[in-house]
Amino acid sequence: MAELNEQELVRRQSLQTMRDMGIDPYPAAEYIVTAYSAEIKEKVESGEWKVDDVPEEELQQVSIAGRLMSRRIMGKASFIEIQDSKGRIQVYVSRDDINTAEQPEMYNTVFKKLLDIGDFIGIRGFVFKTQTGAISVHAKELTVLAKSLRVLPIVKYKDGIAYDKFDDPELRYRQRYVDLVVNDGVKDTFLKRATILRTMRQVLDEAGYTEVETPTLQSIAGGASARPFITHFNALDIDMYMRIATELYLKRLIVGGFEGVYEIGKNFRNEGMDRTHNPEFTCMELYVQYKDYNWMMSFTEQLLEKICIAVNGTTESEIDGNVISFKAPYRRLPILEAIEEKTGYDLSGKTEDEIREICKALHLEVEPSWGKGKMIDEIFGEFCEGTFIQPTFITDYPVEMSPLTKMHRSKPGLTERFELMVNGKELANAYSELNDPIDQYERFKEQMRLADKGDDEAMIIDHDFMRALEYGMPPTSGIGIGIDRLVMLMTGKNTIQEVLLFPQMRKEQ
């Protein structure tokens, strides 16, 4: 344990002094809260609670609790600020009110000397307005609820300069609990994240689809092209994979007779970290029988429009200086047309060797193990993806890029797949799902060929999934939406770490 600094030693001494006075600094009994800061202000401002020209005995009685965040001690009376889960409110504390027969030194000793910024306290009293018009609570009783043994980094201003700001990104992400307490707006981001998830579930539930849970530990890392995390299952003495997608299990449920199923959960991909990628991320996957990718595009537009309105009160959101409109409809553009539009090269019908030569002409480094699909994906990512700011459906991917997707009904060599690009990044990936088991098996074999060439993101054949398909899966459309990126878009945050409560970090030194 690190050596304690002077202020931490003083707080521990205050803790012991409280105990010596018979005050439990961590009481076990329930503390009844009857009002919150925002509610008190709202009810006073609306006139529901009267505070002007009202006798003291008729003022609204409340019981509040929260952190002590500031105080101005003025002899026999003081003003403090309490921060609860809804915001902050001022409290007036006087010696004659909070001293009791049991604790005659509550004001002079406990309040003035032993309490510190960051301590949790409870206040019972009445709501009033100060002479300056500030809505406040007049304390009649003060209860210590939890002693803080570390010093909060509260910002202090002197000569217009801010000191003790808690703004270092690594510290903020590593100590999110402090970040939430001292930095305005951080908590609001995660409340909006909860609104996004709640609205998404509401839309999917109202459509008649069933939320399910599928295994996180899987014997085969399937459903996406990604490098998995590997662990060992001691009881069975086998290696297992942290799931990279929920797709193949959800499709099994469509085989089993569900009309539509969705899961909102964690996926894990053993890849790099940057401002838009975290190896542990949240994804929503939805599969609906008797639908295709055209239907899914329309459904996605409706879903995102409703989420944006729920979060921002409008169909628009601002991020990176761009105003993004989630108002339907969105542009639809085939991927090969997008590549030709941005690079001048038409990849239609090109062989693997021809595409490799085009990559060289574009000064794009490619690995010898890469097939057509990987190279096309790299070209699109380098020259096209970042240019699509407004929501755009990139459609009709080559079959080499889409091993789980149904062949296009009218365009040979292409599949019925789309990716939704917003603000230059992929937000969603969707298909008309491949339900022909013979075709699916051939696609898996091609993936194994790529794996033999050294592609560590190629898919492994999932024989149980193949068995399920052979029992028959109806025409189905599916989609995966990255929740973390969706939250970034809806809250205007340009790094994924800002929308994860506890992002992955290097080991603390």
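Student: Let's start with one residue. Is A310 buried, partly exposed or exposed?

Tutor: A310 is partly exposed. Its relative accessible area is 39%. Keep in mind that this is a predicted model.

Student: Where does A310 sit?

Tutor: In helix α9, which covers residues 293-312.

Student: And what does A310 touch?

Tutor: T195 and T199, once residues up to four places away in sequence are left out.

Student: Okay, zoom out. How many helices and strands are there?

Tutor: The protein chain has 15 helices and 20 strands.

Student: What does the chain span?

Tutor: The C-alpha trace spans about 90 × 50 × 50 Å along its principal axes.

Student: How much of it is buried?

Tutor: Of the 509 residues, 49% count as buried.

Student: What share of contacts links residues 24 or more positions apart?

Tutor: That share is 65%, taken from contacts with a separation of 6 or more.

Student: Now the strands. Which ones close into a barrel?

Tutor: Five strands do, in the order β1-β2-β3-β5-β4. The pairing is mixed. Neighbouring strands in this sheet are turned by 55 degrees against each other on average, with direction ignored.

Student: How do β2 and β3 run, parallel or antiparallel?

Tutor: Antiparallel. Strand β2 is residues 77-84 and strand β3 is residues 87-94, and eight bridges join them.

Student: What do β2 and β3 form, and how many residues are between them?

Tutor: They form a hairpin, with two residues between the strands.

Student: What about β3 and β5, parallel or antiparallel?

Tutor: Parallel, over three bridges. Strand β5 covers residues 135-146. Q90 has S136 in β5 as its bridge partner.

Student: What holds paired strands together in general?

Tutor: Strands of a sheet pair through backbone hydrogen bonds.

Student: There's an open sheet too. What's its strand order?

Tutor: The open sheet has eight strands, in the order β8-β12-β13-β20-β19-β18-β17-β16. Its pairing is mixed.

Student: Which are the edge strands?

Tutor: β8 (210-211) and β16 (331-334). Each of them pairs on one side only.

Student: Which helix packs on that sheet?

Tutor: Helix α8, residues 247-255, packs on the sheet. α8 touches β12 (260-268), β13 (280-289), β19 and β20 (476-482). The direction of α8 makes about 25 degrees with that of β13.

Student: And how do β18 and β19 pair?

Tutor: In the antiparallel sense, over six bridges. β18 is residues 417-422 and β19 is residues 425-432. F418 stands opposite A430 in β19.

Student: Switching to helix pairs. How do α13 and α14 cross?

Tutor: Their axes come within 9 Å and cross at roughly 160 degrees. Helix α13 is residues 437-452, and helix α14 is residues 463-470. The two are therefore roughly antiparallel to each other. The crossing of α13 past α14 is right-handed.

Student: Which residues make that contact?

Tutor: From α13, P437, Q440, Y441 and F444. From α14, F465, M466, L469 and E470. By class, this contact has six nonpolar, one polar and one charged residues.

Student: Is Q447 buried or exposed?

Tutor: Buried, with a relative accessible area of 6%. Setting aside neighbours within four places in sequence, Q447 is in contact with S225, P403, A458 and M459.

Student: Last pair: how do α1 and α4 cross?

Tutor: The axes of α1 (residues 6-20) and α4 (residues 106-114) come within 11 Å and cross at roughly 160 degrees. α1 and α4 are therefore roughly antiparallel to each other.

Student: Is the crossing of α1 and α4 left-handed or right-handed?

Tutor: Left-handed. The contact is made by S14, T17 and M18 of α1 and V110, K113 and L114 of α4.

Student: And by class?

Tutor: The contact of α1 with α4 has three nonpolar, two polar and one charged residues.

Notes:
Residues are numbered from 1 along each chain as its sequence is written. This is a predicted model: local features need pLDDT of at least 70, side-chain atom pairs count only at pLDDT 80 or more; totals for chains, interfaces and linings use all residues. Side-chain values use heavy atoms; hydrogens and water are left out. Axes are lines fitted to C-alpha atoms, for helices over the stretch in contact, and angles run from 0 to 180 degrees between N-to-C directions. Helices (H or I, at least four residues) and strands (E, at least two) are DSSP runs, numbered from the N terminus. Angles under 35 degrees count as roughly parallel, over 145 as roughly antiparallel, 65 to 115 as roughly perpendicular and the rest as oblique. A crossing is left-handed if the near helix is turned anticlockwise from the far one by less than a right angle, and right-handed if clockwise. Contact means heavy atoms within 4.5 Å. Ala, Val, Leu, Ile, Met, Phe, Trp, Tyr, Cys and Pro count as nonpolar, Asp, Glu, Lys and Arg as charged, and the others, Gly among them, as polar. Two strands pair if DSSP finds at least two bridges between them. Buried means under 20% relative accessible area, exposed over 50%, partly exposed in between (1.4 Å probe, protein chains only).
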